[in-house]
Amino acid sequence: MHVEAMPLRLETPPGAPVAFEVVIDPRLPRRFRVTEPGRDARSYELARAEQPDYLDLFEGLARDLGTRVPLARTPPPPRKGGPPLRPLLTEAVAPEILYGYGDPCVVRVGEREWRLLVTSNDAPNAFPILASSDLTTWQLTGFVFPEGQTPAWALTGRNRADFWAPEMHRVGDEHWVCFTARAQDRSLAIGLARSGSPDGPFKADEAPIVTGDVIDAHILVDAGGAPWLIWKKDDNGVWPGRLAALLHREPARVSELFAAGEDQRTAVLALTLWPWVETLEPMEQFFVLQPLIEAATADFTGFAARLSGLGARAGGAEADDIAAISRALRTRIHAQRLSADGRRLEGEPAVILENDQPWEAHLIEGVWITQEGGRYHLLYAGNDFSTAHYGIGAAVADAPTGPYRKSSEVLLSSSAEWWGPGHPSVAIGADGRHHVFLHAFRAGVAGYKAFRALLTAPIRFEGGVVVTAPADEEA
């Protein structure tokens with residue numbers, strides 16, 4: 001993929017409820033000139049092609065053209081769940097940690113010994129490993145994949161690589177790390193690496209164990225000692241582009257799918273930009289299409305119903321496209337048995353969870369399962385990670401593959417100080433109690449590559465559900 005050096009002139013195809021002309025100089029700094037008939041042209045400049053820059057762009061467009069204001073630039077909804085979150089790490093302990101402590105995996109590897117593994121995005125050294133003897137003071141001990149030692153199948157390079165959500169689990173005499181990386185074809189895949197020590201060195205398998213736009217792997221060892229791989233099918237990363245392409249071909253559909261005027265204007269801008277957007281790297285595509293995603297999910301149930309109705313009336317290739325988009329509005333968590341050596345999957349995958357609660361909107365992800373009291377307690381994240389609407393939910397089952405029963409309310413949500421708590425892991429702390437560990441952004445700075453702090457809160461398993469516990473409660 002590449003961006004053309006020459007300026008591009010894009011016009012809204014006929015049939016849309018409004019029309020824009022957009023001229024883009026794609027070289028950095030990127031320049032956009034947007035014109036609507038009867039109004040003066042507006043010009044905007046992006047110093048970088050990062051999410052905060054695009055948020056600035058779309059906030060300006062909302063002000064000038066009446067499109068949707070980005071959720072990341074709005075306050076969080078009223079807090080519904082959880083006690084105060086206790087910060088553990090709020091700054092990088094080493095210069096090689098570029099993006100903080102996103103998608104944190106905290107595991108106890110000794111009586112008073114813990115390890116922390118975190119997302120590294122496109123950093124040269126993939127997946128920092130930090131050690132602590134008290135969960136308060138941490139030091140960097142190395143990386144799962146130091147620079148130059150990433151798996152051959154994984155894409156590397158600034159603004160191209162995506163190394164996400166590593167987890168380390170003790171299986172037999174080995175420490176297994178499951179992780180997400182972007183493959184050479186730009187799709188997301190899940191790999192496994194292993195070592196005899198929690199600090200490595202780790203050797204990755206030669207090929208991914210699951211492919212096809214999948215993320216957020218988790219390893220569960222069940223009550224019988226059998227390992228399972230849990231993962232998310234990342235369809236929420238696929239449907240926005242398919243929707244933009246559909247609307248570009250059929251711009252009149254905007255009025256049928258979007259009720260609010262600001263959402264119609266947002267959708268028209270996205271479909272106008274689509275011929276350029278489809279040339280971008282995957283994460284930049286997300287940055288540009290995020291307003292379209294938020295327009296669809298502002299009334300997610302209504303949008304899904306309108307899309308389904310449109311599909312029933314459509315025919316041919318359009319009906320097929322709409323059906324594919326409708327399916328992808330549900331993000332599904334899968335579970336499948338691993339072989340004893342972790343080299344292959346056995347049997348068939350089972351869908352164990354999908355987004356069906358209003359607070360989750362269009363996605364769930366970041367699963368962690370804890371066995372306690374003969375049950376499997378599942379924590380997960382829902383909604384858009386880069387906004388204050390992200391939060392943590394809970395579910396419980398009697399078997400690894402479910403059926404899982406969700407709690408009706410969010411377990412942990414944003415506060416005035418910390419936005420987007422998510423991607424939980426669970427470990428027994430120094431006080432002998434279970435604690436959930438999670439990442440969050442400082443208020444107002446949520447976004448891809450923005451610094452995420454490591455926070456924690458005590459939890460307990462009570463009456464078949466997960467509940468938050470007072471910080472001063474005795475173990």
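T387 sits in the loop between β19 (375-382) and β20 (391-397). Strands here are DSSP runs of E with at least two residues, helices are runs of H or I with at least four, and both are numbered from the N terminus. The model is predicted: local features need pLDDT of at least 70, side-chain atom pairs count only at pLDDT 80 or more, and totals for chains, interfaces and linings use all residues. Residues are numbered from 1 along each chain as its sequence is written, and side-chain values use heavy atoms, with hydrogens and water left out.

Is T387 buried or exposed? T387 counts as buried because its relative accessibility is 0%. Buried means under 20% relative accessible area, exposed means over 50%, and partly exposed lies in between (1.4 Å probe, protein chains only). Which residues does T387 touch, leaving aside neighbours within four places in sequence? They are L71, A72, Q290, E294, G420 and A446. Contact means heavy atoms within 4.5 Å.

Now turn to a sheet. Four strands form an open sheet in the order β14-β15-β16-β17, and their pairing is antiparallel. Two strands pair if DSSP finds at least two bridges between them. In general, strands of a sheet pair through backbone hydrogen bonds, either parallel or antiparallel. The edges of this sheet are β14 (214-221) and β17 (345-354), each of which pairs on one side only. On average, neighbouring strands of the sheet are turned by 25° against each other, direction ignored. Such angles are taken between axes, which are lines fitted to C-alpha atoms (for helices over the stretch in contact); they compare N-to-C directions and run from 0 to 180 degrees.

Look at β16, residues 332-338. This strand is joined to β17 by 6 bridges, and the two run antiparallel. Within the pairing, H334 stands opposite V351 in β17.

Strand β15 covers residues 227-233 and holds W231. W231 is buried, because its relative accessible area is 7%. Its contacts, not counting residues up to four places away in sequence, include V214, I215, D216 and A217. W231 also touches R332, I333, H334 and Q336, as well as P349. I190 and V210 are contacts of W231 too. V210 is 21 residues from W231 along the chain, and their C-alpha atoms are separated by 8.9 Å.

Next come the charged pairs. The whole structure has 41 salt bridges. A salt bridge is a side-chain nitrogen of Lys or Arg within 4 Å of a carboxyl oxygen of Asp or Glu. One of them joins R194 and D205, at 3.0 Å from N to O. R194 belongs to strand β12 (residues 188-195), while D205 is in the loop between β13 (203-204) and β14, 11 residues apart. Both R194 and D205 are buried.

Another salt bridge joins E354 and R330, at 3.9 Å from N to O. E354 lies in strand β17 and R330 in the loop between α7 (316-328) and β16, so the pair ties together parts 24 residues apart in sequence. E354 is partly exposed, with a relative accessible area of 27%. R330 is partly exposed too, at 32%.

E462 and R460 form a salt bridge of 2.7 Å, N to O. E462 counts as partly exposed because its relative accessibility is 39%. R460, at 27%, also counts as partly exposed. Finally, salt bridges link E50, D122, R158 and K449 in a network.
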